[in-house]
Amino acid sequence: MVINSNIQDWVPWMRRVIRLALLADGQTSPNPLVGAVILDSNNRIVGEGFHSFAGNPHAEIEALSQAGPLAKGGTLLVNLEPCCHDGRTPPCTEAILKSGVSRVVVAMNDPDPRVSGKGIDLLKKAGVEVITGVLEDEAAFLNRAFIFRNKTGRPWGILKWAMSFDGRIGLPNGASKWISQKSSRERVHALRAKCDAVIVGGETVRIDNPLLTSRGINKVEPLRVVLSSSLKLPINAQLWNTENAKTLICYGPESDVGLLKKLPNGPEKVLLDQSSPSKLLELLAQKGCNKVLWECGSSLATSAIIENCVQEIVCFVAPKLLGGVSAMTPLGDFGFTSLEHVIPVKKVSTYKNGNDFVFTMLLNDKDL
Ligand SMILES: NC(=O)c1ccc[n+]([C@@H]2O[C@H](COP(=O)([O-])OP(=O)(O)OC[C@H]3O[C@@H](n4cnc5c(N)ncnc54)[C@H](OP(=O)(O)O)[C@@H]3O)[C@@H](O)[C@H]2O)c1
Ligand SMILES: [Zn+2]
């Protein structure tokens, strides 16, 4: 008997599924974020789980093993279509059919071409009732990075900067520590923990000598990436210590590769076809990155935006006035000559973090 056939009836459980999926944010790449809930035939929760790490069991398997025989005749809710191909783990559709659940409720299809509707078809053909489209927009937003990489072959880019009320990221003499307050900097550590890689340019390494870790928030630290065309990098830098976090140095054909010999062996070094943000992101997608954080200065940030390598901006605004006509600003010159051509940002949201304000925005809502 169908107890709930209306899409709306499944919304509260799907919200729980999405919350479960988010528990592994930043840890599952190249895989998506997936949560799952199993209800018995009386719609009581008898199992739940989430995909915690690439190579670990998928969310459906975690939830089914918790439910055991209680799954029979029940409902599986999952935010992404179950997989039907052999990957690092066997197909979930097989385990679902074996469990005897009679209904599967899915938020959205899997954009991975190896699945892409085939998982749902297989379940339907085997006689399982499949309901799709429950909280589809929320599920697409949850996995925006995974979906974007599948669509474009590049990871979702987030550009972060911290600035004063009057839009400066440093004083004319270069002093920039610290513009935002301590708790905002801790938010940046948390943001790094949700990303697969953190990118800066050579100049930021030379001037700031940053560490770029999440300070241990996640077990696996994001890959720290330096893009440098000059390769004039310091012999000693915090990024060259790869004990707790890996480092990748990328350079272009114009670089003086002789300079690489001066750098320690810890960081991986990779030659790109071109020293550009887009070539770098193609490489990072191949390395399995879904989401990257640009923590660079204005010149690299501007190149990244021009090459469509930034989808989202997170901007911390501190209630301070720095002044200075020659002071550093977050972005360089786009070459615009008319206000009609400037970049409109979309879906701006804001919250207050202590005395600082945090703005998040999208550059193109069609990226979602
Ligand atoms: N407030 C903040 O949130 C924040 C964040 C980061 C940085 N900063 C400040 O920003 C300043 C550095 O600014 P920056 O713009 O020079 O930043 P950057 O992060 O060092 O990026 C520029 C560097 O990237 C490398 N690069 C390689 N290919 C490039 C390309 N196609 N386009 C652009 N750059 C490319 C070059 O390195 P090579 O010169 O080695 O070839 C270039 O000097 C520092 O003073 C730092 O303190 C502030
Ligand atoms: Zn699966």
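Hi everyone, let's start with the pocket. Five elements each give at least two residues to the lining of the largest pocket: β6 (156-164), α7 (182-193), β7 (197-201), α8 (202-208) and α10 (298-306). Please keep in mind that this is a predicted model.

How much space lies in that largest pocket? About 1200 Å³. The lining has 48 residues, and the closest to the centre of the pocket are Thr-204, Asp-208, Glu-295, Cys-296 and Gly-297. If you sort the lining residues of the largest pocket by type, you get 19 nonpolar, 18 polar and 11 charged.

Two of those lining elements, β6 and β7, bring us to the sheet. In which order do its strands lie? The 9 strands of this open sheet follow the order β10-β9-β8-β7-β11-β6-β12-β14-β13, with mixed pairing. At the edges we find β10 (268-271) and β13 (346-353), each of which pairs on one side only. On average, neighbouring strands here are turned by 20° against each other, ignoring direction.

Let's zoom in on one pair. β7 and β8 (residues 223-227) run parallel and are joined by 5 bridges. One residue to look for is Gly-201, whose bridge partner in β8 is Leu-227.

Now for the metal. Which residues coordinate the zinc ion (ligand 2)? They are His-58 through ND1, Cys-83 through SG and Cys-92 through SG, at 2.0 to 2.3 Å. Along the chain, these donors have the spacing H-x24-C-x8-C. His-58 sits in the loop between β2 (45-50) and α2 (59-67), while Cys-83 sits in the loop between β3 (75-80) and α3 (92-99), so this pair ties together parts that are 25 residues apart in sequence.

Is Cys-83 buried or exposed? Its relative accessible area is 7%, so Cys-83 counts as buried, because the cut-off for buried is under 20%.

Rolling a probe the size of a water molecule over the atoms shows where empty space is left. In this model, the count is 1 cavity of 30 Å³ or more. The largest cavity holds about 110 Å³ of space. Its lining has 16 residues, and those nearest the centre of the cavity are Asp-25, Ser-29, Leu-33, Asn-290 and Lys-291. By type, the lining of the largest cavity has 5 nonpolar, 7 polar and 4 charged residues.

Notes: Residues are numbered from 1 along each chain as its sequence is written. Chains are lettered from A and ligands numbered from 1 in the order in which they are written. This is a predicted model: local features need pLDDT of at least 70, side-chain atom pairs count only at pLDDT 80 or more; totals for chains, interfaces and linings use all residues. Side-chain values use heavy atoms; hydrogens and water are left out. On a 1 Å grid over the protein atoms alone, a cavity is a set of points where a 1.4 Å probe fits but cannot get out, and a pocket is an open set with protein on both sides within 12 Å along at least five of seven lines; lining residues have an atom within 4 Å of a point. Grid points are joined across faces, edges and corners, and a volume is the space filled by probe spheres set on the points. Helices (H or I, at least four residues) and strands (E, at least two) are DSSP runs, numbered from the N terminus. Ala, Val, Leu, Ile, Met, Phe, Trp, Tyr, Cys and Pro count as nonpolar, Asp, Glu, Lys and Arg as charged, and the others, Gly among them, as polar. Two strands pair if DSSP finds at least two bridges between them. Axes are lines fitted to C-alpha atoms, for helices over the stretch in contact, and angles run from 0 to 180 degrees between N-to-C directions. Donors are N, O and S atoms within 2.8 Å of the metal (3.2 Å for Na, K and Ca); water is not among the atoms, so sites may look incomplete. Buried means under 20% relative accessible area, exposed over 50%, partly exposed in between (1.4 Å probe, protein chains only).
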